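I opened the model to look up two things, and I note here what I found on each.

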Amino acid sequence: MRSLFLPLALALVFGAAIAASAQSSGKLNVSVAGVRNDDGSVRCGLYSSANGFREPGREMRGAVAPIKNGQATCVFNGIPAGTYAIAVFHAERNETQMETGLFGKPKQGYGFSNNPSSTFGPPGFDSAAFAYKGGALNLPVQLSY
């Protein structure tokens, strides 16, 4: 009886550790809708703080997704639990950075996690932030033009 207890206890401990690890990091799918055409791609940036939010090259991770029927899905794997925000734009000519016009108005479609509405300028990190607890999460983003 004693010899069965130790392997069973070890199996439970290792199983709990594996389950905790699986919950602390996982897969984040960003489903982007409202893309006006299937030209180019959709680029998504995952930001972990307000510091550098929306700034090219300051994202924690980036992803590029093909467009089909006005929709795209950016996938981020191995993301640890935490607070994040997503910024997205439609790179119609496969640009690596969003192009802006007069007064900084975007020339392409753009969107953010939580789909915040803002009358004056782009939203800040707090408006777009969401808590990610790990595992699998599907996050919808609607583009604006």
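This is a predicted model: local features need pLDDT of at least 70, side-chain atom pairs count only at pLDDT 80 or more; totals for chains, interfaces and linings use all residues.

I began with the sulfur atoms and found Cys 44 joined to Cys 74 by a disulfide, with an S to S distance of 2.1 Å; the cut-off I used is a pair of cysteine sulfur atoms within 2.5 Å, and by this rule the count comes to one disulfide. I noted that the pair links distant parts of the chain, since Cys 44 lies in strand 2 (residues 41–47) and Cys 74 in strand 4 (residues 71–80), 30 residues apart. Strands here are DSSP runs of E with at least two residues, numbered from the N terminus.

Residues are numbered from 1 along each chain as its sequence is written, and side-chain values use heavy atoms, with hydrogens and water left out.

I then checked burial, where buried means under 20% relative accessible area (1.4 Å probe, protein chains only), and found both Cys 44 and Cys 74 buried.

Next I turned to Glu 95, which sits in the loop between strand 5 (82–91) and strand 6 (110–112). Glu 95 counts as buried because its relative accessibility is 10%. Leaving aside neighbours within four places in sequence, I found Glu 95 in contact (heavy atoms within 4.5 Å) with Arg 43, Phe 89 and Gln 108. I also noted that the Glu 95 side chain reaches the backbone nitrogen of Glu 92 at 3.3 Å.

Definitions and conventions. Helices (H or I, at least four residues) and strands (E, at least two) are DSSP runs, numbered from the N terminus. Buried means under 20% relative accessible area, exposed over 50%, partly exposed in between (1.4 Å probe, protein chains only). A polar contact is a pair of N or O atoms within 3.5 Å; within protein, one must be able to donate a hydrogen and the other to accept it, and residues adjacent in sequence count only if both atoms are side-chain atoms.
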